[in-house]
Each structure stands twice: as structure tokens, then as C-alpha cells.
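Please guide me through reading the features of this structure, beginning with the general idea in each case.

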Amino acid sequence: MVGSSHEALHRVFQKDPALLTRAFQKVLRVPFPEPRDFAVLNADVTEIEPVERRVDTLMRVETDDGAYLLVVEAQGKKDERKRGSWPYYLAYLYEKYRCEPVLVVITQSGATARWASRPIRRGLPGWESMTVRPLVIGPDNVPVIASEREAERDVPLAVLSAMTHGRGAKAAAILEPLAFALRTVDGESAAVFGQLIESCLADSRAKEIWRDLMSEIRYFFNNPVAEKVREEGRVEGREEGRLEDRAGMTLRILEWRAIPVSEAVRERVLACSDLDQLEVWARRAVTAERAEDLFSG
């Protein structure tokens, strides 16, 4: 059971190690070489018995250009002590594994991201003995993935989007498209991703919406009819089901938010056969003040 956003933010990379290198390429625009193999390592960097030091997640990745250690630190707020411990971690891990270390900091706070991205320089000014430049993943550079089709193209990246934006106003817009995209992965992965996301949501209303969405997901994976449709891959049935699910979820979001829904609004939403239009209405349902606002704009 993942009990905190701190744990969830780095655990997502243990669930899908390749997500980290995709984040380098798609979020940070860092030309990291294509990985061939990953291994999650012991995160303990204790050297002297009374002083315990531990990184959040440590992975070794093999590429055609050599091996790298990916040191992932989840950071909730500014902590100047980390500017002393991070250089130690990297130096110790290089000595232990003889492998190039790469420090990655992930946070839900834009201010913390800007603080963490500052280079750490040790030594004479202009002639530093050591310089550490963390790669920082946060709400300022992770895209808001609020489209179902975009979420389906890269579900783990959409999960990362929901997690990094989990304390901001944009979180709710990501949840509903992501819930539908989770139906394209296996049930075990959907359950793990769902738990990680819930741990990163700060707003109680967003948590409630996500728990209801996950109830729908659990029903989907436990329903034998839905399982049959997935196995047979019937495009027509799948498309019809997506229309019904999207329309129903749009109305439920309004109901969860205690917004009255007239019969006219209900009929118009349920009669819509345009998935893109339903997607627009579903996003509007998260912030609409009246049910009729779905159709404005």
C-alpha cells in the first residue's frame, strides 16, 4: 500500500522503469540513449553504521553507450540539507558501482522544482571541484494530458502527469481521460497506477472523483462481458462502449459535484455519438458552474 505522495512519486518508476528515460526525452528534452535493460538496485547508501543514508529509488540502466545509475529523489519542499547529501550520494554510488550516476528530482511543487534545479557547486568559485546538476521533473515541465487518446498512447506518462499535477488546479482535468486510458492496460497495472495517483492527490474532491473512477475501472476488469470484448477486440463494440462510458461519466462528474442536471442536458449528452465532443464536455464537467456550461464555448 502506497501511503504518501513522496513514496508514490518515485515508486512509479519502479513500476515502469522505461518511463524515466521517456521522461528524459519527452519532458526534459535530454538525449538519453535508448535503454536495453533495467535493474532496480538496493537504495541504501549507508557507509558508516551510525549514519543511515538512503536514496528513494535507484536503478541501473544498460544502453549501447554504457551503463548509468538513475538516482531518483522525490522532493516535497525545499530542504537545503539535500544540497549536501545529493553530491555525497552520487560520489558514493559511483565509487561503489563504477557507473555514471544521474540525479533525477521529481516534485509536485513548481517552487521546489526551481530550487532543486539550481546547480550545486563545491570548491573554489570558478574552479569547482564538483558540480551537480539535477534533472528535475515537475508541474512546470510535465505536460497536462487531458485527452483520452493522448493518455492511451502513453499510459505511464499520463500517470506521471496526474501525479506531478496532483496538488494543483489542473489535476481534476487529467483524471477522467486517464481513467478511460487505464482500461487499455492489464488489471494489475491499472490497480497499481490507480493507487499511486490517489496518493498524490491533495484536493479532497479530486480524491473522491478518482475513487469513484477507480470503482468503475475495477468493475470493468471484473465484468465478464467487458473481458470478452477486450479479448475479441471488436472495434464496433468497443467504440460504442466508449461513447456510453464517456457520456455516463460526464453526467456523474456533475452529480458528484452536486450540480443539478436537467432532463434536456441529460438527453443531449446521452444522445451524442461524437467521442471528441463528449471528451470536451467531460473536461468542462470538472469545472462547470452549471450543467448547461458543458455546451458553451
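Predicted model: local features only at pLDDT ≥ 70, side-chain atom pairs only at ≥ 80, totals over all residues.

A: Residues are numbered from 1 along each chain as its sequence is written, and side-chain values use heavy atoms, with hydrogens and water left out.

Q: How many helices and strands does the protein have?
A: Helices (H or I, at least four residues) and strands (E, at least two) are DSSP runs, numbered from the N terminus. The protein has 13 helices and 7 strands.

Q: What percentage of the residues counts as buried?
A: Buried means under 20% relative accessible area, exposed over 50%, and partly exposed in between (1.4 Å probe, protein chains only). Of the 297 residues, 49% are buried.

Q: How many salt bridges are found in the whole structure?
A: A salt bridge is a side-chain nitrogen of Lys or Arg within 4 Å of a carboxyl oxygen of Asp or Glu. The search finds 15 of them. One of them joins Arg22 and Asp154 at 2.9 Å, N to O. This pair links distant parts of the chain, 132 residues apart: Arg22 lies in helix α2 (residues 18-28), and Asp154 in the loop between α5 (148-153) and α6 (155-164).

Q: Which residues are linked with Asp154 in a network of salt bridges?
A: The network links Asp16, Arg22, Lys26 and Asp154. Within it, Lys26 and Asp154 meet at 3.1 Å, N to O.

Q: Is Lys26 buried, exposed or partly exposed?
A: Lys26 is partly exposed because its relative accessible area is 41%, whereas Asp154 counts as buried because its value is 9%.
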